[in-house]
Amino acid sequence: MQITVQAKSGELTFDCGQHESILYAGLRQGVPLPFECATGTCGTCRARVMAGDIDVQWKQAPGAARLKPDKGDILMCQTRARSDCVVRVPSELAIADAARPAARRGIIRAIRRLTKDVAHFDLHLSAPMSFQAGQFVVIEAAGVAGGRAYSMVNFAADCERLELLIKRKPGGRFGDWLFDELQGEPAVQVFGPLGRAVFRPAEDRNIACIAGGSGIAGMMAILDHAVQADHFRSHAGALYFGVRTLADAFYLEQLSRYVAASHGNLDVVIALSDEAAATPLHAAFPLLKLASGMVHAVAASEMAARDRDVLTYVAGPPVMVDSTIRSLIAGGAAIKDIRYDKFG
Ligand SMILES: Cc1cc2nc3c(=O)[nH]c(=O)nc-3n(C[C@H](O)[C@H](O)[C@H](O)COP(=O)(O)OP(=O)(O)OC[C@H]3O[C@@H](n4cnc5c(N)ncnc54)[C@H](O)[C@@H]3O)c2cc1C
Ligand code: FES
């Protein structure tokens, strides 16, 4: 089947298979369609079907709340084509600047609990993947309807083993499957890499990373790449990691290693929202600082005292990301200097 996309910047046509969404078909062929979450929550991939038959996979997707289905509005990430289609997007087509995503098979291995509701796991891919630090993949498991996005924690070129992190959401279907039901080393479908909140050392910028809970995943990959590239020899870096209590924090050993390799130029601050920080430094990991308060407020107040020339990455629950962006803008940051992923 063929999909023609009409955008303000012109028209493009691409092939679409029977079992893939219109969004994924376009992205894997290098068509820079608008998207953010790729999993039905944000609404960024909305389009209007001008001609053709379609099949909407997840009618209750939160991202569809403001669509007008009677006018043919769809989420491209949740819609498959049943015939040749013409769809119109209300924006220009972005510039494709990253590796093309592709479908692969994966095997989940080595699940390791980090806290009561956080686990780290490996995903062994059927073919290596090149990705940029800060990107994510979408995983589909048999018996769990729909795909779930997870950000890479590690960074390597042509990677066959992705390291991923999941924070269990109460009642969440994929979390229940991975924590309680999964047996052996299950095979899953993987689509990626995706995401534009990426780190490129060649941009030559000071960086700040602000993570709420599982938002730390992509930030670990950014710090991993930055340390591998010795970025902190000549640039400043900061990570603000928001958790409820110190018992909810993890990756502390790895974070200490990144600070130790940073020539004194990387600050890591763990912001505790539900308890007071007993000491300014972590007792067992003295290279890590502690602070009390919501991570967006801690980051905003510390960043106000620093150099303004900084590229800031934000990831975590949507409410946390929105509050952080508001605080950064109020503190004088420009929106072009903020890259974010909303985990919802
Ligand atoms: C860009 C991005 C990166 C993310 N990275 C991480 C990460 O590194 N670590 C982490 O813990 N979380 C991450 N998340 C959140 C993660 O994708 C899941 O939303 C979270 O793990 C909860 O999944 P769940 O199945 O347990 O909860 P559920 O509430 O069952 O499902 C949550 C999400 O799954 C999808 N979904 C649910 N039902 C359906 C359906 N019937 N059909 C189609 N789709 C459906 C929707 O996107 C929904 O919001 C990320 C999210 C995004 C958007
Ligand atoms: S990209 Fe489709 S709803 Fe977010």
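**Contacts, domains and ligand shell of the predicted model**

Apart from its neighbours within four places in sequence, Ile210 is in contact with Tyr240, Val295, His296, Ala299, Thr312, Val314 and Thr324. The model in which these contacts were computed is a predicted one. Ile210 belongs to strand 14, which spans residues 206-212, and this residue counts as buried because 32 other C-beta atoms lie within 10 Å, where 20 or more are required. Ala145 stands 65 residues from Ile210 along the chain, and the C-alpha atoms of these two residues are separated by 31 Å.

The protein as a whole contains six helices and 19 strands, and its chain is divided into domain 1 (2-88), domain 2 (102-194) and domain 3 (201-342). Between the C-alpha centres of domain 1 and domain 3 the distance is 35 Å. The C-alpha atoms of the protein occupy a box of roughly 60 × 50 × 35 Å along the principal axes. Of the 344 residues, 42% are buried, and among the contacts with a separation of 6 or more, 69% are made by residues 24 or more positions apart.

Helix 4, formed by residues 252-260, has Leu255, Tyr258 and Val259 as its buried residues. When the helix is viewed down its axis, these buried residues fall within an arc of 100 degrees, so they line one face of helix 4. In general, an α-helix has 3.6 residues a turn, so residues three or four places apart point the same way. The buried residues of helix 4 pack against helix 3 (216-228) and strand 16 (266-272), whereas the face turned away from the buried side carries the exposed residues Glu253, Gln254 and Ala260.

Ligand 1 is surrounded by 25 residues, of which Thr39, Gly146, Gly172, Phe174 and Gly175 are the closest. The elements that contribute two or more residues to this shell are strand 11 (148-151), strand 12 (159-167) and helix 2 (173-181), and the largest share, four residues, is supplied by strand 11. Sorted by class, the shell around ligand 1 consists of eleven nonpolar, nine polar and five charged residues.

Definitions and conventions
Residues numbered from 1 in each chain as written. Chains lettered and ligands numbered in written order. Predicted model: local features only at pLDDT ≥ 70, side-chain atom pairs only at ≥ 80, totals over all residues. Buried ≥ 20, exposed ≤ 12 C-beta atoms within 10 Å, placed from the backbone. Arc of directions from axis to C-beta. Contact = placed C-beta atoms within 7 Å. Domains from an automatic or database assignment. Near = placed C-beta within 6 Å. Nonpolar A, V, L, I, M, F, W, Y, C, P; charged D, E, K, R; others polar.
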